[in-house]
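I begin with helix packing and then turn to individual residues.

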Amino acid sequence: MYEIQTFPGGLAFRFSADLTLLDRAVAETVGFLKAQHAGGTLFDVKLLLREALLNAVLHGSRGDPLCAVTLEVRAAEGRLTLTVADQGPGFDWRSGLSNLAPPEATSGRGLTILTLYADDVRFNASGNELTLTKAVPGLRGPAAPPGGGENDTRSTPMHDIRIEDGQTIVSPVGDIVASVADELRARFKEILQSGDGPVVIDLSRVDLIDSVGIGLLIAVHNSLGKKGGRLVLRHVNADLAALLRTMRLDKHFQVETA
């Protein structure tokens, strides 16, 4: 199930709790915001949108495609409001917001990202509805009809895995997000089983990494550390570098900016 409705200044989505449909909703929303003259890379908006929807799909709905997730996108002058709801029982968001994940943890960063990147974060009492507001330069309110979604830039299978000077260099294509995490995890497992040397991930073609992707990188780092190896992230864009610094992960593994 995937339904979308338009209204003046916004979009309303209803879709099955499925990561592929999550990717589609993100692409549709970004295309709409660009049509509303939103400026910049929209890195913050895409990250917030992904984390809010991940919470609904993976945690609220437990990935059950029979459950529905809703998203409402409202654009005003210079301000964006996102409301995400799921059919789950909710959770203790108060406790979640007060507990930060330690650097070595492979999960638990989604709520931290929401509070750091949104201007305002509000849950309903039970925790199965979330409203985020974010200032977006150039964004206009109700006027032009929504534009088509941006090209879907979900990650394709990792390629160009090569060995240079004793290092395994991996070059992903596209964003490292939840919908491709299982496939990437399998590829990294193969790499870790085949050698003990350093692993370099070339991020020159990666724009965004969500909390699931961050957890995957930390798991790789932890596995390498047990074998005396290390993880290096190379050609990291400015937005990603800022995210990793904010999460204190630049102290956990080596981050080399573009």
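1. In this predicted model, helix α2 meets helix α4 through F43, D44, L47, L48, E51 and A52 on the α2 side and G110, I113, L114 and Y117 on the α4 side. Sorted by class, this contact consists of seven nonpolar residues, one polar residue and two charged residues. The axes of α2 and α4 come within 9 Å and cross at roughly 145°, and the crossing of these two helices is left-handed.

2. Helix α2 also packs against helix α1, which spans residues 19-35, at an angle of about 150° and with the two axes 10 Å apart. Angles over 145 degrees count as roughly antiparallel, and therefore α1 is described as roughly antiparallel to α2. The crossing of α1 with α2 is right-handed. From α1 the contact draws on L19, L22, D23, A25, V26, T29, V30 and L33, and from α2 on V45, K46, L49, R50, L53, L54, V57 and L58. By class, the contact between α1 and α2 comprises twelve nonpolar residues, one polar residue and three charged residues.

3. Where does L49 lie, and is L49 buried or exposed? L49 belongs to helix α2, and its relative accessible area of 0% places it among the buried residues, because buried means under 20%. Once neighbours within four places in sequence are left aside, L49 is in contact with V26, T29, L71 and L82.

4. A separate helix pair to inspect is α5, residues 181-194, with α6, residues 211-226, which pack at an angle of about 10° with their axes 11 Å apart. Angles under 35 degrees count as roughly parallel, so α5 is roughly parallel to α6. The crossing of α5 and α6 is right-handed. The contact is made by A181, L184, R185, F188 and L192 of α5 together with V212, L216, V220, S223 and L224 of α6. In terms of class, eight nonpolar residues, one polar residue and one charged residue take part in the contact of α5 with α6.

5. R62 has a phi near 50°, a positive value in a residue other than glycine, and R62 is placed in the loop between α2 and β3, the latter covering residues 68-76. With a relative accessibility of 72%, R62 counts as exposed. H235 likewise is a residue other than glycine with a positive phi, here near 60°, but H235 is placed in strand β10, residues 231-236. The relative accessible area of H235 is 35%, so H235 is classed as partly exposed.

6. S126 is found in the loop between β5, residues 120-123, and β6, residues 129-135, and S126 is partly exposed, with a relative accessible area of 32%. Not counting residues up to four places away in sequence, S126 touches P89, G90 and F91. Although S126 and G90 are 36 residues apart along the chain, their C-alpha atoms are separated by 5.1 Å.

7. Which residues does L116 touch, not counting those up to four places away in sequence? L116, placed in helix α4, residues 110-117, touches T246 and M247. At 45% relative accessibility, L116 counts as partly exposed. From C-alpha to C-alpha, L116 and S95 are 16 Å apart in space, and these two residues are 21 residues apart in sequence.

Terms used:
Residues numbered from 1 in each chain as written. Predicted model: local features only at pLDDT ≥ 70, side-chain atom pairs only at ≥ 80, totals over all residues. Heavy atoms only, no water. Helix = DSSP H or I, 4+ residues; strand = E, 2+ residues; numbered from the N terminus. Buried < 20%, exposed > 50% of the residue type's maximum accessible area, 1.4 Å probe, protein only. Axes fitted to C-alpha atoms, helices over the stretch in contact; angles between N-to-C directions. Parallel < 35°, antiparallel > 145°, perpendicular 65-115°, else oblique. Left-handed = near helix turned anticlockwise from the far one by under 90°. Contact = heavy atoms within 4.5 Å. Nonpolar A, V, L, I, M, F, W, Y, C, P; charged D, E, K, R; others polar.
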